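Hi everyone, thanks for coming. Let me put the structure up on the screen, and then we can walk through it together.

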Amino acid sequence: MEKAIEKLCGVLGSDAVRLEEPMKAHTSFRIGGPAELFLTPENAAQLAEAIRILRRHEIPVFILGNGSNLLVRDKGIRGAVVQLSGRMSALETDGTALYAEGGALLSAAAAKAAEAGLTGLEFASGIPGIIGGAVMMNAGAYGGEMKDVVEDTPLRTMMSGKAAKEDLIHQAFTYPHFLVGAPGSPALTDSNGNPWCASYVSATADLTVDLRSNMAGECRAKIGYENLIPLTDDPLVKETLIFLMTREVTHYQQFEAALETIQPNFPPAVFQTSPKYSNLYFNMSQGEDARGPWNQGKSTGLHEEWQYIEDPLKRVRETDGLLHVEPQGTQRTEESVRKADEKLAKERSNELLAATPKQNIQWNKKKKK
Ligand SMILES: Cc1cc2nc3c(=O)[nH]c(=O)nc-3n(C[C@H](O)[C@H](O)[C@H](O)COP(=O)(O)OP(=O)(O)OC[C@H]3O[C@@H](n4cnc5c(N)ncnc54)[C@H](O)[C@@H]3O)c2cc1C
């Protein structure tokens with residue numbers, strides 16, 4: 001428990017980690033003994049990290065809403081109580097829907113909806129819970145129920161099958177606004193406090209990534225023209241489309257050649273991947289197994305021997321959730337990876353320094369000690 005508390009203080013700040021907190025202070029009926037640990041994360045990222053730490057230390061977790069549907073015994077609650085009400089309570093509307101964070105009061109959400117001229121939440125204005133608690137309990141009154149008004153939750157999306165879950169992950173990676181639009185997200189600004197701009201997110205600061213992304217863009221564009229060509233009989237339009245299609249392939253080759261001049265260019269950026277997992281192929285197939293160069297022989301980039309894991313569940317159990325895995329089918333070791341990381345980091349740093357103007361630049365001038 002002590003180790004967990006230390007880590008939780010690191011993530012949440014010590015003010016947000018209380019011990020033996022009386023639950024009677026947090027329930028509508030003013031009853032309940034102490035919660036062994038009482039946590040008050042400020043945002044979704046802190047919440048996720050806190051839950052991960054608690055799970056890792058096998059500490060039971062209870063999510064507390066506004067405490068309006070709880071009777072806590074005098075002996076209190078063993079493990080951790082995570083309180084969401086009072087924070088993570090943003091409410092926003094785009095005029096057609098209400099976006100609410102889990103910690104927002106139901107009454108505040110109903111008022112915000114009414115203010116924006118949105119109908120549906122009127123029934124909820126007198127229920128003393130928070131959004132999270134109301135969704136969990138499917139709160140209802142006067143013939144209205146949460147299930148009728150909640151359109152979507154990240155959790156529901158995550159649980160609506162593989163495609164929906166992958167779509168959510170895809171959005172997080174490809175749709176920059178997702179970062180600021182998702183509940184509990186940080187307010188992103190540059191160092192001067194200017195509001196966030198998409199270029200901060202798309203910049204990877206690694207040329208190999210930009211070049212690969214350009215190559216994929218050229219492929220998509222080539223196919224775009226290919227699809228247009230059969231749609232016209234006009235010889236001059238056709239010729240123009242053929243010119244444009246051809247140039248995409250020309251550009252592709254130029255980007256590819258430029259990529260080859262950067263060595264090493266795989267894996268992208270500086271850190272090398274862990275030899276414990278880099279060549280594992282988990283056979284998750286429910287139907288017929290398919291074997292090919294993606295799971296047998298040598299891998300394309302790192303030239304390691306694919307390790308085909310017939311029974312992933314068994315492997316995960318045997319290795320304590322892949323914690324204890326010995327690298328196989330590879331020359332790389334964790335030590336060699338560490339050395340490679342160090343060497344490449346120095347090289348890249350020197351390249352950057354060499355390209356940085358020598359004159360004093362106010363924003364990166366080092367302080368003399
Ligand atoms: C005076 C009064 C009037 C009420 N009137 C109504 C009514 O008209 N209609 C009605 O349906 N209920 C009513 N209730 C009951 C209660 O308000 C609702 O059940 C409400 O939805 C509970 O929300 P809460 O935030 O207080 O949750 P809590 O009481 O704190 O928790 C309830 C459950 O939800 C879980 N939970 C809370 N937040 C989350 C979260 N973010 N994620 C996952 N799980 C979570 C908790 O773990 C717990 O299991 C009333 C209660 C009182 C005291």
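By "buried" I mean 20 or more other C-beta atoms within 10 Å, by "exposed" 12 or fewer, and by "partly exposed" anything in between, with C-beta atoms placed from the backbone. Before going on, please keep in mind that this is a predicted model: local features need pLDDT of at least 70, side-chain atom pairs count only at pLDDT 80 or more, and totals for chains, interfaces and linings use all residues. Residues are numbered from 1 along each chain as its sequence is written.

So where does Thr40 sit? It is in the loop between strand 2 and helix 2 (44–56). When I say helix or strand, I mean DSSP runs numbered from the N terminus: H or I with at least four residues for helices, E with at least two for strands. Which residues does Thr40 touch, leaving aside neighbours within four places in sequence? They are Ala16, Gln83 and Arg87, where contact means that the C-beta atoms, placed from the backbone, lie within 7 Å. Take Gln83: it is 43 residues away from Thr40 in sequence, yet their C-alpha atoms are 5.2 Å apart in space.

Now let's look at the sheet in this part of the model. It is an open sheet of four strands in the order 1-2-4-3, with mixed pairing. Two strands count as paired if DSSP finds at least two bridges between them. From one strand to the next, the twist averages 35°. For angles, axes are lines fitted to C-alpha atoms, for helices over the stretch in contact, and the values run from 0 to 180 degrees between N-to-C directions.

Helices pack here too. Helix 1 (residues 2–12) touches strand 1 and strand 2, and its direction makes about 110° with that of strand 1. Helix 2 lies across strand 2, strand 3 and strand 4, at about 165° to strand 4.

Inside the sheet, strand 2 (residues 34–39) pairs with strand 4 (residues 77–83) in the parallel sense over four bridges, and Phe38 stands opposite Val81. Strand 3 also pairs with strand 4 in the parallel sense, over four bridges, with Ile63 opposite Val82.

On to the ligand. How many residues surround it? There are 24, and the closest are Gly65, Ser68, Gly129, Gly132 and Gly133. A residue is near a molecule or strand if its C-beta atom, placed from the backbone, lies within 6 Å of it. Strand 3 (61–64), helix 4 (131–137) and strand 7 (140–141) are the elements that give two or more residues to this shell. Helix 4 gives the most, with five residues.

What is the shell made of? It divides into 13 nonpolar, 11 polar and no charged residues. Here Ala, Val, Leu, Ile, Met, Phe, Trp, Tyr, Cys and Pro count as nonpolar, Asp, Glu, Lys and Arg as charged, and the others, Gly among them, as polar. Domain 1 (2–87) and domain 2 (91–151) both give residues to the shell, so the ligand lies between them. Those domain bounds come from an automatic or database domain assignment.

Next, some backbone details. Most residues other than glycine have a negative phi, and most peptide bonds are trans. Asn138 has a positive phi of about 50° although it is not a glycine. Asn138 is in the loop between helix 4 and strand 7, and it counts as exposed because it has 11 C-beta neighbours inside 10 Å. Leu322 also has a positive phi, about 65°; this residue lies in the loop between helix 12 (312–318) and helix 13 (334–355). With 14 C-beta neighbours inside 10 Å, Leu322 counts as partly exposed.

And the cis peptide bonds? One joins Gln263 and Pro264, with omega about -10°. Another joins Phe266 and Pro267, with omega also about -10°. Pro264 lies in the loop between helix 11 (235–261) and strand 9 (280–282), and Pro267 is in the loop between helix 11 and strand 9.

Finally, let's zoom out. The protein chain has 13 helices and 10 strands, and buried residues make up 17% of its 369 residues. Among contacts with a separation of 6 or more, 52% are between residues 24 or more positions apart.

Key: Two residues are in contact if their C-beta atoms, placed from the backbone, lie within 7 Å.
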